[in-house]
Each structure stands twice: as C-alpha cells, then as structure tokens.
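Subject: Handover of a structure

Dear colleague,

Please find below the structure that I am passing on to you. A summary of the findings follows it.

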Amino acid sequence: MLEVKNMVKTFFKGTINEKTALQGIELRLEEGDFCTVIGGNGAGKSTLLNSIAGVFPVDEGSITINDIDVTKMPEYKRAKYIGRVFQDPMVGTAGNMQIEENLILAMRRGKNLGLKWAFKDSEQAFFKERLALLGLGLEDRLSARMAYYLVVNANLLHY
Ligand SMILES: Nc1ncnc2c1ncn2[C@@H]1O[C@H](COP(=O)(O)OP(=O)(O)OP(=O)(O)O)[C@@H](O)[C@H]1O
Ligand SMILES: [Mg+2]
C-alpha cells in the first residue's frame, strides 16, 4: 500500500521563481489499484511521481510504502520498494543491453545481487509467455538490443 499524506513541494523557495507544485496532496493506493492522474501542463503530475520516487526531497508530509516510511529515504534505497516506468523508454533502461537483460535487471530490483549468470531458462520462458499474451509476436524479439528495437519501432511508426 502506498500512502501519501499532506505532501507539499515548493521549488526555488524564497526566490522570485518560487513555485509551489504540490500543496497538501493526499493519496492512498492499495495493491493492485489502477490510478490515472490527470492535469494540465504544469499541474504537478511529474512532481508527484518524482516526489514518490525520491528524485528530490519534499518540504512537508509523509510517504509510506507498505508501512515503511520512505519520506527521507534516498532514491537509490527507495528503489527497493517502488519502481517506475518512464514515458520515454530510453530513460530508465540500458540501451546497449538486450530487452530480456533489461527485464531481468528490473526483476532483480531490490533483491540481493551476486556475481552469477543472469539468465535462467525459467525467466526467459516467463517473459516469452507474458509477452505472447499480447498477441503481437513480441516474444520473438526479446534478444534484440533495447535501443535497436526502439529505433526499428520508431522507423515503423514513421513509414
Ligand atoms: N525540477 C524543477 N525545478 C523547478 N521547477 C519545477 C521542477 N519540476 C517542475 N517544476 C515546476 O513545477 C510545476 C509542476 O510541474 P510538473 O512538471 O510537475 O507538471 P506536469 O503536470 O508534469 O506537467 P506536464 O503535463 O507538462 O508534464 C511547474 O510550474 C514546473 O515549472
Ligand atoms: Mg510531466
């Protein structure tokens, strides 16, 4: 469960550029909830997500994930409890690695990492099975490099 209480975030406080992007935000999401945040340009949507992810500290309020208070936890530690997917797929992924390597990295997030062979047959089968559900043939492209796949896709969209 994610719970945000009375969250406030002001940029450039005390300067002529002062901007309060979030003022007293309350949010409570249970596991499995699907939530859409709607708002015009500059409404504070990205600031809300960045605050929850820990990109910058908030000025007031609290953020708890499964009753763990992460309000003051740095982003890299908070990543153990919360993940995000960016609008731009090149952000938050490793372009030179294969798509399935990226998926494995995401799956290992927050777990103890050691030096061992990353791929397990069972995990590759799992990714294939999940992608096959979309019926788009994507399961055959998992070994492509992340960046290559995106370039190909962009070209397909253009022509
Ligand atoms: N890192 C930052 N430094 C200074 N001001 C910021 C920063 N991030 C956001 N802002 C300001 O906070 C306000 C909210 O911006 P935010 O990017 O959260 O809006 P948004 O709802 O995501 O808008 P968009 O629909 O354009 O993505 C805006 O006035 C913006 O200029
Ligand atoms: Mg935004």
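To begin with the ligand: which atom of ligand 1 lies 2.8 Å from a polar side-chain atom of serine 46? It is an oxygen atom of ligand 1. Please bear in mind that this is a predicted model.

A polar backbone atom of glycine 44 is 2.9 Å from an oxygen atom of the ligand. In the side chain of lysine 45, an N or O atom is 2.7 Å from an oxygen atom of ligand 1. On its own, ligand 1 has 640 Å² of accessible area, of which the protein covers 61%.

The shell around ligand 1 consists of Phe11, Phe12, Lys19, Ala21, Gly40, Asn41, Gly42, Ala43, Gly44, Lys45, Ser46 and Thr47. Sorted by class, these are six polar, four nonpolar and two charged residues. At least two residues of the shell come from strand S2 (19–29), and at least two from helix H1 (45–53). H1 provides the largest share, with three residues.

I also wish to draw your attention to a pocket. The second largest pocket has a volume of about 230 Å³. Its lining is made up of Met97, Glu101, Ile104, Leu105, Arg108, Leu113, Gly114, Lys116, Trp117, Ala118 and Phe119. Seven of these lining residues are nonpolar, three are charged and one is polar.

Yours sincerely

Notes. Residues are numbered from 1 along each chain as its sequence is written. Chains are lettered from A and ligands numbered from 1 in the order in which they are written. This is a predicted model: local features need pLDDT of at least 70, side-chain atom pairs count only at pLDDT 80 or more; totals for chains, interfaces and linings use all residues. Side-chain values use heavy atoms; hydrogens and water are left out. A residue is near a molecule or strand if one of its heavy atoms lies within 4 Å of it. A polar contact is a pair of N or O atoms within 3.5 Å; within protein, one must be able to donate a hydrogen and the other to accept it, and residues adjacent in sequence count only if both atoms are side-chain atoms. Accessible areas come from the Shrake-Rupley method with a 1.4 Å probe; for residues, only the protein chains shown count as cover. Helices (H or I, at least four residues) and strands (E, at least two) are DSSP runs, numbered from the N terminus. Ala, Val, Leu, Ile, Met, Phe, Trp, Tyr, Cys and Pro count as nonpolar, Asp, Glu, Lys and Arg as charged, and the others, Gly among them, as polar. On a 1 Å grid over the protein atoms alone, a cavity is a set of points where a 1.4 Å probe fits but cannot get out, and a pocket is an open set with protein on both sides within 12 Å along at least five of seven lines; lining residues have an atom within 4 Å of a point. Grid points are joined across faces, edges and corners, and a volume is the space filled by probe spheres set on the points.
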